[in-house]
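Work through these exercises with the sequence and the model side by side. Try each task before reading its solution.

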Amino acid sequence: MSTPVSGPSVLPDPLVSERDRRFMAQAQAAAEEARAAGEVPVGAVLVRGDEVIARGFNHPIGGHDPSAHAEMAALRAAAQQLENYRLPGCELYVTLEPCLMCAGAIMHARIARVVFGARDPKTGACGSVVDAFANPQLNHHTTVVGGVLEDECGAALKSFFADRRRASREARAAAAAAAPRASETSEAGASCASPSAPLDSPGALESPVSEPR
Ligand code: ZN
């Protein structure tokens with residue numbers, strides 16, 4: 001998030017319609033399916049009129065598929081459902097700002113409107129990094145609304161990454177705690193262990209590793 005997430009909004013934003021909130025809540029429920037599968041929690045629903053015709057959640061790790069973003073899953077499911085590779089008049093609700101890949105697929109599918117929750121300052125293609133939809137040579141079809149339930153959508157992502165960092169810290173601490181015992185047994189028969197042996201040193205195991213993202 002480019003701006004700090006302050007937690008769930010106390011009052012609903014009067015500029016966001018009840019309809020947009022309702023469909024975004026369904027996209028949030030899809031994001032929780034991604035979390036349950038150990039994937040970054042992003043969810044999407046594809047809406048035609050007042051009906052959700054497809055949903056999708058982020059699953060590139062489990063699917064061994066770099067294109068398995070929530071939007072792509074929802075677009076594929078909707079196109080199969082309607083037996084049409086174009087989805088005119090449909091709206092896509094997604095909890096995180098679409099990336100360039102998804103923006104391209106959204107345009108190819110002729111989606112009428114995209115509504116997203118949290119902004120993505122790393123890969124967002126709806127204005128955060130680039131604005132693919134602002135280019136009239138590329139886009140003639142899609143209007144974009146961002147920041148719907150932004151705090152809630154962002155909080156789900158923040159809590160996921162916080163949990164993952166905590167698990168990583170605990171794993172490193174457990175490895176560091178186990179290291180002296182392993183070192184004692186391996187050095188039991190050694191006549192002169194080098195004091196600077198880097199791999200036996202607990203300090204080596206405590207050295208920071210890059211944060212998983
Ligand atoms: Zn994407």
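**Exercise 1. What share of the contacts in the chain with a separation of 6 or more comes from residues 24 or more positions apart?**

Solution. Two residues are in contact if their C-beta atoms, placed from the backbone, lie within 7 Å. Among contacts with a separation of 6 or more, 58% join residues 24 or more positions apart. The model is predicted: local features need pLDDT of at least 70, side-chain atom pairs count only at pLDDT 80 or more, and totals for chains, interfaces and linings use all residues. Residues are numbered from 1 along each chain as its sequence is written.

**Exercise 2. Where is the pLDDT below 50?**

Solution. Start with the term: pLDDT is the predictor's confidence in each residue, from 0 to 100. The chain average is 84, and 77% of the residues score at least 70. Residues 1-10 fall below 50; beyond near neighbours in sequence, this stretch has 18 contacts in the model. Residues 187-213 are also below 50, with 14 contacts beyond near neighbours in sequence. Where pLDDT is low, the predicted coordinates should not be read in detail.

**Exercise 3. Which strands does E1 pair with, and in what sense?**

Solution. Two strands pair if DSSP finds at least two bridges between them. Take E2 first. E1 and E2 are antiparallel and share six bridges. Leu46 has Ala54 in E2 as its bridge partner. The two strands form a hairpin with two residues between them, and Gly49 in the turn has a positive phi of about 65°. Next take E3. E1 and E3 also run antiparallel, joined by five bridges. Here Val45 stands opposite Tyr93 in E3.

Finish with burial. A residue is buried if 20 or more other C-beta atoms lie within 10 Å of its own, exposed if 12 or fewer, and partly exposed in between, with C-beta atoms placed from the backbone. Five of the six residues of E1 are buried. Over the 213 residues of the chain, 32% count as buried.

**Exercise 4. What do the buried residues of H2 pack against?**

Solution. Find H2 at residues 70-82. Its 13 residues reach 18 Å from first C-alpha to last, close to the expected 18 Å; that span is 1.5 Å times one less than the number of residues. The buried residues are Ala70, Glu71, Met72, Ala73, Ala74, Leu75 and Ala78. They pack against H1 (18-36), E1 (43-48), E2 (51-57), E3 (90-96) and H3 (100-108). Zoom in on Ala74. Leaving aside neighbours within four places in sequence, its contacts include Ala44, Val45, Leu46, Ala54 and Leu92.

**Exercise 5. Why do the buried residues of H3 lie on the same side of the helix?**

Solution. List them: Cys102, Ala103, Ala105 and Ile106. They cover an arc of only 165° around the axis, so they sit on the same side of H3. The arc is that of the directions from the helix axis to the C-beta atoms. Their cover includes H2, E3 and E4 (113-118).

**Exercise 6. Which residues have the most contacts inside the largest nonpolar core?**

Solution. A nonpolar core is a set of buried Ala, Val, Leu, Ile, Met, Phe, Trp, Tyr and Cys residues joined through C-beta atoms within 7 Å. The largest has 47 residues, and Ala74, Leu92 and Tyr93 have the most contacts inside it. H1, E1, E2, H2, E3, H3, E4 and H4 (150-187) each give it two or more residues.

**Exercise 7. Is His64 buried or exposed, and is Leu149 buried or exposed?**

Solution. Most residues other than glycine have a negative phi. His64 has a positive phi of about 45°, and Leu149 has one of about 55°. His64 lies in the loop between E2 and H2. It is exposed, because 8 other C-beta atoms lie within 10 Å. Leu149 lies in the loop between E5 (143-145) and H4. Leu149 has 26 C-beta neighbours inside 10 Å, so it counts as buried.

Definitions and conventions. Helix = DSSP H or I, 4+ residues; strand = E, 2+ residues; numbered from the N terminus.
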